[in-house]
Amino acid sequence: MNKTENEKTKKDIQDRVYKLAIYIETFFAIVIAIVIVLLAVKLITIIFQPGFFVDEESFSNFLKNALGLVVGVEFVKMLVRHTMDNVVEVLIFAISRHLIVYHLEIWEMLIGVLCIAILFAIRKFLVVSLDEEKHT
């Protein structure tokens, strides 16, 4: 075998491994989406139980679970579409969820808000969104 045949075989193997990785990633995105739907149905049925929102802790748990599902949906979007815009969105949602759900010290809140501001700046000035790509 000469050098060009080896390079072609190597590239062919790399292409097959890459396609396999995409299929595996898509499979896990589907599994995660199914789990999110099941957990959303469970969360909705829990809401209608009598006395669910009796105390502040119940609402806090509901908010924690609901926002966790939102972060999960954004994660599935990131797995399906590999764009920097989606990655930044997942990070924004994850940090926002953490800031809303957990009772943090003021300096921890400040750091979280600064992180979100930095992510918005990255999204605005460094990431070319799909809408901008379509217009150019």
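Visitor: How do helix 2 and helix 3 pack in this predicted model, roughly parallel or roughly antiparallel?
Guide: Helix 2 covers residues 56-80 and helix 3 covers residues 84-101. Their axes lie 9 Å apart, at an angle of about 170°. Angles over 145 degrees count as roughly antiparallel. The two helices are therefore roughly antiparallel.

Visitor: How many charged residues are in the contact of helix 2 with helix 3?
Guide: Helix 2 brings residues including K64, E74 and K77, and helix 3 brings residues including E89 and R97. By class, twelve residues of this contact are nonpolar and three are polar. The number of charged residues is five.

Visitor: Does the length of helix 2 agree with its number of residues, or disagree?
Guide: Helix 2 has 25 residues, and at 1.5 Å a residue it should span 36 Å. Its end C-alpha atoms are 36 Å apart, so the two values agree.

Visitor: Which element gives the largest share of the largest nonpolar core?
Guide: This core has eight residues: A29, I36, L43, F52, F62, L69, V76 and L79. Two elements give two or more residues to the core, helix 1 (3-47) and helix 2. The largest share is four residues, and the element that gives them is helix 2.

Visitor: Which helices do the buried residues of helix 2 pack against?
Guide: The buried residues of helix 2 include F62, L69, G72 and V76. Leaving out residues up to four places away in sequence, I36 touches L69, G72, V73 and V76. The buried residues of helix 2 pack against helix 1 and helix 3.

Definitions and conventions: Residues are numbered from 1 along each chain as its sequence is written. This is a predicted model: local features need pLDDT of at least 70, side-chain atom pairs count only at pLDDT 80 or more; totals for chains, interfaces and linings use all residues. Side-chain values use heavy atoms; hydrogens and water are left out. Axes are lines fitted to C-alpha atoms, for helices over the stretch in contact, and angles run from 0 to 180 degrees between N-to-C directions. Angles under 35 degrees count as roughly parallel, over 145 as roughly antiparallel, 65 to 115 as roughly perpendicular and the rest as oblique. Contact means heavy atoms within 4.5 Å. Ala, Val, Leu, Ile, Met, Phe, Trp, Tyr, Cys and Pro count as nonpolar, Asp, Glu, Lys and Arg as charged, and the others, Gly among them, as polar. A nonpolar core is a set of buried Ala, Val, Leu, Ile, Met, Phe, Trp, Tyr and Cys residues joined through side-chain atoms within 4.5 Å. Buried means under 20% relative accessible area, exposed over 50%, partly exposed in between (1.4 Å probe, protein chains only). The expected span of a helix is 1.5 Å times one less than its number of residues.
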